[in-house]
Every structure is written in C-alpha cells, then in structure tokens.
Amino acid sequence: MEVVVGRSTRSTPPGRKRLLITLSVVLSFLLGTPLWWKSTEVYRSPLPFAAIETHANQVASLALALPCDLHVIFVALPIPPKEEDQQHLQVVVDQIQQQISIILAHKEQFNSSESCASGFQVHVTLDAENVCLRSRSAAGDQQNNKVAKFWPCGLATVDSDLQELLLESSSDDDNLLDEFFWSFSKGEYLATGGCYTVVLFDEDLLNIFSNEKLGEATVVEVGNQVNPISKEGKGKRRRRVVGKYRHAWMLGPELGILSFGRDAASDIADLAVMYFSHGGRLSGKDVVVEDKEESMPLSADGKAILSFSLLNAEPSDWIFDWAFEEVEQRFLQPLVEALWPFAHLFVESQVLYYTPKAVQSHWDAALQSHVVPFKQLPFFVNANEWHLDSSSAAAGRSKLLHFAIYVPAAKECPLHLQLSTGRISQTNGFTSPGWGGIIVWNPPGCLGSSTDNSTGHQLSTKELEPLIGVVVAQLRTLFGLPPTVLDDSKTDTFGVPATARGFADWEVDVLLRRRAVMDVHASASTLASLSRLVSSLPNMVIMDEIGDQVTSSLTAAKAAREHAISGAYHATADAARKARGLAEAAFFQPSIMSLLYFPAEHQLAIYTPFFVPVLLHMLVAVIKESSRYRRERRSYLRGLQNQD
C-alpha cells in the first residue's frame with residue numbers, strides 16, 4: 001500500500017455540530033438586527049412637507065394683503081334730482097381710482113406690506129338736503145361679496161354749531177369736528193379696519209354758512225345746482241384734515257359734485273394712499289421714517305413688555321419716587337387697548353438708585369447747562385450699573401422695551417442732550433431701536449441747589465404727564481410712525497392728535513396690516529427652514545407636538561388669508577400672529593435643539609464599544625470553524641479515494 005507523506009486522511013466524515021453551533025450564533029445575531037434597529041430608531045412625527053412648500057410658494061408669489069374701502073361724501077345744497085346725477089358719481093369714482101393707480105405706480109416709494117389689496121375700492125355718496133345718492137365702483141361690487149359700510153346721509157342738514165366749526169380752522173375746532181363726525185357715523189358705520197371716509201365741503205357751501213351767519217346769503221344758479229358766490233373769489237388751496245379715527249375732511253374749491261376735477265381727485269388720492277394706506281411715510285429716496293421689520297418691536301407671538309424705570313443717579317443729592325399705578329391707569333392703559341388688535345403690551349415699573357450714566361457731559365456757558373454730545377448718546381446707557389433686565393415675565397423669547405427716566409446728579413444738573421444738528425433736544429430724550437428710549441428729567445430749579453435726601457419726593461401725575469407724552473412719541477418711533485401728529489402747512493394738511501391713546505385708528509390699521517404680512521411671511525420662512533433642517537438630519541427626533549404645531553401653523557396661515565380676503569382685520573391679525581407663534585415654537589422646540597449639532601460620528605462612538613468586540617469574536621470563530629470543517633472534509637475525501 002502506497003503512503004503519501006504529509007497528507008493525512010480520515011475514515012469518518014467531519015462533525016457538523018460545532019459548525020452548526022457557530023452558525024446558529026451568527027443567525028441569531030442576524031435575526032436580532034431588525035429588532036434592534038426597530039427598537040433604537042428615532043421617532044419622527046410625519047410633517048406635511050408638501051403643504052409647507054405650497055405655503056412658502058404662495059407667500060413668495062402673492063403676499064397677504066388686506067382690502068381697503070374709500071368712501072367719499074359730497075355735502076351739497078338742495079338740488080333737483082336728475083338721472084345724470086348717478087353718472088356724475090361714477091365719473092368721480094373713475095377719476096379718484098385713476099389718481100390712486102397713478103400714485104401706486106411708483107411702488108418703490110411705498111412699503112408693500114402696508115398697502116391695501118388692489119389699492120382702494122372707491123365709493124361716492126352725494127349727501128344733499130333732499131337727495132342721498134350712492135355709487136360704488138365696479139371693482140368694489142366684485143370685491144368677494146364684501147359689503148362696504150357707509151355713513152348715513154344727513155350731513156347736509158347740519159346745525160349752527162357744526163357750521164361754526166367748519167368756518168374755523170384751529171386745532172381745537174378740528175378736534176371737536178372730528179368728534180362730531182365720529183358720533184355722527186358710528187350709529188350706522190361699523191368701526192372696523194379698512195373702511196375710510198373723506199367728507200368734502202366745497203367753499204361755496206362754506207360761503208353760504210358764512211353768509212347765513214352774517215344774515216346775507218347771496219346765491220346764483222350754476223348749471224342745475226344752486227351755489228353761492230364768494231365775495232372774495234375762490235381760493236386755490238384746499239385744507240385737508242385727517243382725524244384720529246378713520247375719516248378725514250377737505251374744505252376748499254372744486255369740491256362740489258359738478259365742479260369736481262382731476263386736481264381735487266389727486267388730493268383725495270394722495271390723502272388716502274399717503275396716510276390711510278401708509279401712515280404718512282415713504283421709503284426709498286424719500287424716507288420720512290425708517291421702515292424695516294425691526295421697527296416692529298414685538299416677539300413672535302405679538303407680545304412686548306414695556307418696562308419703565310426711574311433712575312436716581314445720585315441718591316445723596318435727591319431721591320425721587322412715583323405712584324406708577326395711577327400713571328399706568330390714566331395714560332398707558334388707553335394706549336395698550338388701542339394697540340391690542342396686533343400688539344399685546346404689558347406694563348411694569350421699578351425705581352433704581354445709584355445709576356450714573358456711562359458718558360461724560362460738558363458745561364455749556366451759553367446754555368447754562370451740562371450737555372451730552374450727540375456722538376455720545378449711543379453710550380449713554382450704563383449696562384454695568386443699570387440693572388434693568390429684572391423682569392420675570394421677560395423670560396424666553398419675550399420682547400422687552402425699556403423706557404428709562406434719568407434724574408441726573410446735582411453736580412451735572414441741568415443736563416441736556418444734543419441733536420445731530422447741534423441743537424438741544426426739546427424732549428431731552430432719544431430712542432434706541434429695539435431697546436427703548438431714554439428721557440433726562442431735570443428737577444425744577446436744580447442748578448446750584450442742595451436738597452435734603454432724608455425725605456424723598458414723589459413725582460406727581462402733572463409732573464409725569466409731559467414725560468409720558470415723550471414716551472408715547474418714542475413708542476411711535478419704535479413702531480415706525482412719525483413721533484408727532486401730522487402738521488404740514490405747506491400743503492395745508494393737518495392731523496387731529498389722538499391725545500388719549502397716542503395712536504389714531506387709521507395708524508393702528510397701518511401697523512396691523514404690516515404686522516399681519518410680516519407674521520405670515522415669517523411663518524412661511526420658519527416652516528421652510530424647519531423642513532430643510534428635518535430633511536438634512538434624519539436622526540433628529542420629531543415629536544408629535546412639533547407635528548401638531550406645524551399643522552396648526554399652516555391652518556392658521558390659511559385662515560389669515562381667508563380673513564384677509566373678506567376684510568376681517570382683527571381676525572386676520574389674530575390668525576397671522578398664531579401662525580407665526582406656532583411656527584417658531586415648533587422650530588425652537590427643546591427636544592430638537594439638542595440635536596442641531598448631532599454628527600454621525602457620535603453614533604459611531606456610541607455603538608462601537610458594544611458591537612465591535614462581539615462581532616470580532618464571532619467573525620474569528622466563524623473563520624476558524626469554517627477552516628476546520630473544510631480541512632477535515634478534505635481529509636475524509638482523500639481517505640475515500642485511497643480506499644478505492
């Protein structure tokens with residue numbers, strides 16, 4: 001028998017028990033992998049990515065816009081009714097609508113977020129003693145079945161008190177006339193946003209009032225309408241007054257239904273677009289007030305805290321205190337209520353001591369006062385000594401606006417602030433965008449005075465009233481409005497100050513439109529960012545709460561658009577504010593904030609210590625057992641060949 005050296009043989013087949021045990025371990029590991037994968041996967045609530053993209057595209061292509069109605073009333077003498085009167089009204093509608101379109105053609109001058117949808121829908125009423133005719137523009141008829149609210153007729157039958165107010169031109173009479181129009185209109189006219197009225201008094205009608213007052217009415221026939229003759233001839237200027245509600249009035253020539261022309265239509269269109277639509281501001285080259293999103297100092301949910309601080313720079317000189325509850329109730333509560341449709345403001349106050357300013361003043365002998373140069377104003381606030389951020393309600397993403405009333409030390413009193421023009425500030429205050437405002441209050445007769453600091457002095461309501469007036473002006477500036485009421489003698493355009501509330505109703509409408517547009521745009525931008533973030537991080541946890549917030553935000557944004565179409569201002573603002581608040585709440589949800597910087601290497605570092613040792617030993621066992629089995633099987637096969 002021939003023996004082959006170096007090649008062993010075996011007569012029995014190799015055992016498979018060890019191999020099966022090894023493979024069973026591998027099989028159990030493979031079968032357990034899906035269970036492990038399922039049990040350790042990250043929970044992700046399904047987000048409506050398609051709806052988010054649709055919402056973003058809608059905002060980009062067609063921004064939210066609220067409609068506006070302009071109601072023009074001609075106050076006229078008794079006239080014989082004629083069929084062509086309705087045609088005259090339609091001609092007036094077309095003229096005003098055309099002039100509005102011409103003004104809006106220069107869109108670079110205006111902020112689109114404040115603009116009314118498709119400009120204005122113009123409606124005209126002829127209010128004579130014996131006739132009340134109304135005409136509505138064709139565009140207004142098709143305004144999604146929205147019925148405009150009109151004033152009742154009857155202004156032509158005015159009493160003697162109103163005639164005297166019309167003949168005067170003082171600011172006090174303007175305020176009384178404004179209140180008369182408000183009381184006259186609110187019986188039939190709903191005080192809702194977007195409906196504005198301009199009342200026209202032709203100078204011929206005013207001449208009749210003047211002559212009746214003198215007892216010598218002189219009239220002649222002009223066409224088919226009776227009009228008076230002005231003994232001094234017609235003037236060339238029209239006086240325009242914008243009230244503190246949602247109406248204005250004009251007095252002057254060519255404001256009758258028959259004498260109405262393009263020039264008068266241009267004046268009405270300019271008043272409507274410049275003030276009712278844009279708050280008396282332009283942007284671009286003719287900026288009156290800076291108009292940026294930052295000029296709306298509110299949090300995402302439309303809230304802000306007004307924090308008032310009385311700062312005693314040196315208590316050893318004098319100590320001042322205040323009864324702020326009375327001030328808040330009398331001066332600030334009406335303002336808070338006026339802005340509530342789009343801004344939820346809350347008020348708090350505090351008195352601080354030992355609060356020196358952070359800049360040095362210099363003595364001005366000509367003014368006999370200490371002066372802080374304009375260049376030093378940005379550094380006036382002493383962040384190290386002024387502990388203003390003490391509000392427990394300002395935690396999180398709430399917006400906090402500071403209004404600090406600074407009482408200087410005796411050694412630099414009186415203290416005044418210098419403007420950029422070099423003149424001394426009349427209000428002795430300044431604003432810091434996004435932060436608030438500072439007012440320097442010099443105690444009466446403080447120059448060279450010495451005060452006993454053993455007893456403090458409480459500021460009276462009379463002393464605080466002018467300071468609160470400055471605060472209101474600063475708040476108007478922070479919201480992007482002119483600090484003071486309209487007063488333009490060059491164009492004979494004047495405004496009635498909203499003394500009690502600080503903001504006119506039509507100004508609130510302007511801010512509401514701008515805020516609603518900003519909220520819907522911000523909701524779309526935030527949701528789009530969240531969608532991109534979630535798509536880029538597949539291991540990010542998405543809780544059901546986030547999914548619900550995203551869905552609710554989209555629903556609120558859709559509701560805002562629907563309310564805007566119907567002209568529901570307050571409902572639009574509420575829905576838009578809710579859409580933005582929910583979108584930002586979802587984006588800044590705490591459960592996902594910790595995973596924004598969660599790299600893939602982190603998972604590798606976690607699972608490697610658990611799986612590498614097991615996999616390594618299992619792989620070595622499989623290799624060794626497979627090699628053994630193949631080697632013994634080859635030996636068995638050789639043994640069979642040798643037997644043959």
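**Briefing: strand pairing, sheets and helix contacts**

Val 199 stands opposite Trp 249 in strand E8. The model is predicted, with residues numbered from 1 along each chain as its sequence is written. Local features need pLDDT of at least 70 and side-chain atom pairs pLDDT 80 or more, while totals for chains, interfaces and linings use all residues, and side-chain values use heavy atoms without hydrogens or water. The protein chain holds 15 helices and 20 strands (DSSP runs numbered from the N terminus: helices are H or I, at least four residues; strands are E, at least two). Of its 644 residues, 47% count as buried (under 20% relative accessible area; exposed is over 50%, partly exposed in between; 1.4 Å probe, protein chains only). Among contacts in the chain with a separation of 6 or more, 80% come from residues 24 or more positions apart (contact: heavy atoms within 4.5 Å).

- E8 covers residues 247–252, and six of its six residues are buried.
- His 247, Trp 249 and Leu 251 lie on one side of E8, with Ala 248, Met 250 and Gly 252 on the other; both faces are covered.
- In a regular strand, side chains alternate between the two faces of the sheet.
- Strand E4 (residues 195–202) pairs with E8 in the parallel sense, over six bridges (pairing needs at least two DSSP bridges between two strands).
- Strand E7 (residues 239–242) pairs with E8 in the antiparallel sense, over four bridges.
- A hairpin of four residues connects E7 to E8.
- Arg 240 stands opposite Met 250 in E8, and Val 242 stands opposite Ala 248 in E8.

- Val 242 has Gly 495 as its bridge partner in E20.

**Three-stranded sheet**

- E12, E13 and E15 form an open sheet of three strands in the order E12-E13-E15, with mixed pairing.
- E12 (362–364) and E15 (415–417) are the edge strands, and each pairs on one side only.
- Neighbouring strands here are turned by 45 degrees against each other on average, direction ignored (axes are lines fitted to C-alpha atoms, for helices over the stretch in contact; angles between N-to-C directions run from 0 to 180 degrees).
- E12 and E13 (residues 369–372) run antiparallel and are joined by three bridges.
- Val 371 in E13 is the bridge partner of His 362.

**Five-stranded sheet**

- Five strands form an open sheet in the order E11-E9-E14-E17-E16, again with mixed pairing.
- Its edge strands are E11 (344–353) and E16 (429–432), each pairing on one side only.
- The twist from one strand to the next averages 15 degrees.
- E14 (residues 399–407) and E17 (residues 436–440) pair in the parallel sense over five bridges.
- Tyr 406 has Val 440 as its bridge partner in E17.

**Helix H9**

- H9 (residues 324–339) bends by about 50 degrees at Leu 332, and Pro 334 follows within four residues (the bend is the angle between axes fitted to the seven residues ending at a residue and the seven starting there).
- Buried residues of H9 include Phe 324, Val 327, Phe 331, Leu 332, Leu 335 and Leu 339.
- Their cover includes strand E9 (303–312), strand E10 (320–322), E11, helix H10 (461–478) and H11.

**Helices H8 and H11**

- The axes of H8 (residues 262–277) and H11 (residues 505–536) come within 8 Å and cross at roughly 70 degrees.
- The two helices, H8 and H11, are therefore roughly perpendicular (65 to 115 degrees; under 35 is roughly parallel, over 145 roughly antiparallel, the rest oblique).
- Tyr 275, Phe 276 and Ser 277 in H8 meet Trp 506, Val 510 and Arg 513 in H11.
- The residues of this contact divide into four nonpolar, one polar and one charged (nonpolar: Ala, Val, Leu, Ile, Met, Phe, Trp, Tyr, Cys, Pro; charged: Asp, Glu, Lys, Arg; polar: the others, Gly among them).

**Phe 588**

- Phe 588 sits in the loop between helix H13 (569–587) and helix H14 (590–593).
- Phe 588 has a relative accessible area of 39%, so it is partly exposed.
- The C-alpha atoms of Phe 588 and Ile 546 are separated by 9.6 Å, with the two residues 42 residues apart along the chain.
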